[in-house]
Amino acid sequence: MIGVTEQLRSTRERIRRAIRSAGRADDSVRLLAVGKRQPVGKIREAAAAGQRDFGENIVTEALEKQAALADADLVWHFIGTLQSNKTRDVAAAFDWVHTVDRLKLVRRLSGQRPPDAPPLNVCIQINIDAEATKSGATPASARELAQAVADAPRLALRGLMCLPRPQPTVAEQRVPFRRLRELFDELNGAGFGLDTLSMGMSGDLEAAVAEGSTLVRVGTAIFGPRET
Ligand SMILES: *Cc1c(COP(=O)(O)O)cnc(C)c1O
């Protein structure tokens, strides 16, 4: 069986090739290793291989892993659907949140971020395919949310995130990523200074990098199938 160290290496190689073929700078895409529903041992192996950024989508599970890995110097990203009764834990235990999609979360996260911690890094999640069942703000509300995050004293506005519907071809995968990048450019044209476009996963990272992703969130390609 191929281990985490080897799969992490081949994932980095995939990203490097995608960056090259897009003609972008070598260090322009950050790799977030998504360890949700994976054992702590695998996350520790990735950390030992030099991986620093880790993503989780369930707060209770993440807190247990953070406690078990407290000796490692890791950066934790919350990428799950965020319920307002979980904002206090997220504000206290994470470095980044990628899934802010309404004003209520902005107020709570800023109010609950501990005063001794640096500002919490925030990406606004956009429901780019306008799917009825998916969380995420509408593109039309992105500007108002971005302004609220920028104005929140304990938050740092970093960018946009999306989780598009799976598509069979790279050409089709690129369409929603392109729309998110256009929204990103539009907000930056309005002066928001965003530096993070969080898009692309195991199955579509090449399409995302081709469309300007600066952070890919990769789970199964690094850690293998998840525990159910
Ligand atoms: C699970 C998950 C990922 C990783 O998905 P893979 O297909 O395993 O790479 C990325 N982003 C979010 C928001 C997720 O929930």
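**Close-up views of the predicted model**

Residues are numbered from 1 along each chain as its sequence is written, and side-chain values use heavy atoms, without hydrogens and water.

**View 1. The aromatic pair of Phe54 and Trp76.** The structure holds two aromatic pairs (ring centres within 6.5 Å, with the six-membered ring taken for Trp; planes under 30 degrees apart are stacked, over 60 edge-to-face, the rest tilted). The rings of Phe54 and Trp76 are tilted, because their planes stand at 40°, with centres 6.0 Å apart. Phe54 belongs to strand β2 (residues 53-56) and Trp76 to strand β3 (residues 75-78), 22 residues apart (strands are DSSP runs of E, at least two residues; helices are runs of H or I, at least four). Trp76 is also buried, at 7%.

**View 2. The aromatic pair of Phe78 and Phe94.** Here the planes meet at 75° and the centres are 5.4 Å apart, so the pair is edge-to-face. Phe78 lies in strand β3, whereas Phe94 lies in the loop between α4 (87-93) and β4 (96-100). Both Phe78 and Phe94 are buried.

**View 3. Helix α7 and its bend.** At Pro176, α7 bends by about 25° (the angle between axes fitted to the seven residues ending there and the seven starting there). Its buried residues include Pro176, Phe177 and Leu180. After α7 comes Gly191, with a positive phi near 95°.

Notes:
This is a predicted model: local features need pLDDT of at least 70, side-chain atom pairs count only at pLDDT 80 or more; totals for chains, interfaces and linings use all residues. Buried means under 20% relative accessible area, exposed over 50%, partly exposed in between (1.4 Å probe, protein chains only).
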